[in-house]
Amino acid sequence: MSKIANQLEKIALPYNLNDREIQVLFLIANGKTNAEAGSILYLSPDTIKGDLKHAVEKIGLENRTAAVYIAGTKGVFQESTVKPLLDDIIDKI
């Protein structure tokens, strides 16, 4: 599990992020664009944009850069709960 995934897991639970919001934040934190994240998750870039917007709002921030920063510094997810969500996409990034 990557350092970013471990950190993201620590904020996911307190902010009530859903599975897809976690996946989207992970991909964006790893430098993927909305289009690239959509391709990996088999979703449209607009769907990715919406999921990211919801995640940013739940965390209480104003933009994706702040969300990625918080995810990178606070830690978001516990590896045991995030790993199944990320297994399918980690090899694609």
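User: Two residues are in contact when heavy atoms lie within 4.5 Å. Among contacts in the protein chain between residues at least 6 apart in sequence, what percentage join residues at least 24 apart?
Analyst: This is a predicted model, in which local features need pLDDT of at least 70 and side-chain atom pairs pLDDT 80 or more, while totals for chains, interfaces and linings use all residues. Residues are numbered from 1 along each chain as its sequence is written, and side-chain values use heavy atoms, with hydrogens and water left out. For contacts between residues at least 6 apart, the share joining residues at least 24 apart is 75%.

User: What pattern of secondary structure does the protein chain follow along the sequence?
Analyst: Helices (H or I, at least four residues) and strands (E, at least two) are DSSP runs, numbered from the N terminus. By that count the chain has six helices and zero strands. Read along the sequence, the pattern is α-α-α-α-α-α.

User: What percentage of the residues of the protein chain count as buried?
Analyst: A residue is buried under 20% relative accessible area, exposed over 50% and partly exposed in between (1.4 Å probe, protein chains only). Applied to the 93 residues of the chain, the buried share is 41%.

User: Is glutamate 21 buried or exposed?
Analyst: Glutamate 21 is part of helix H2, residues 19-29. Beyond four places in sequence, its contacts are Asn16, Asp51, His54, Ala55 and Lys58. Its relative accessibility is 2%, so glutamate 21 counts as buried.

User: Which residue meets glutamate 21 in a salt bridge?
Analyst: A salt bridge requires a side-chain nitrogen of Lys or Arg within 4 Å of a carboxyl oxygen of Asp or Glu. The N to O distance in this bridge is 2.9 Å, and the partner is lysine 58. That pair links distant parts of the chain, helix H4 with helix H2, 37 residues apart.

User: How many residues apart in sequence are the parts tied together by aspartate 51 and arginine 20?
Analyst: Aspartate 51 is buried, with a relative accessible area of 8%, whereas arginine 20 counts as partly exposed at 34%. Their side chains form a salt bridge, 2.5 Å from N to O. Because aspartate 51 lies in helix H4 and arginine 20 in helix H2, the pair ties together parts whose separation in sequence is 31 residues.

User: Why are glutamate 57 and lysine 53 separated by about one helical turn, and what is the distance between their closest N and O atoms?
Analyst: Both residues belong to helix H4 and they are four residues apart, which means about one helical turn between them. Glutamate 57 is partly exposed at 46% relative accessibility, while lysine 53 counts as exposed at 52%. The two form a salt bridge whose closest N and O atoms are separated by 3.4 Å.

User: How many salt bridges does a search of the whole structure find?
Analyst: One of them joins lysine 58 to glutamate 21, and another joins glutamate 57 to lysine 53. Aspartate 51 and arginine 20 also form one. For the whole structure, the number of salt bridges found is three.
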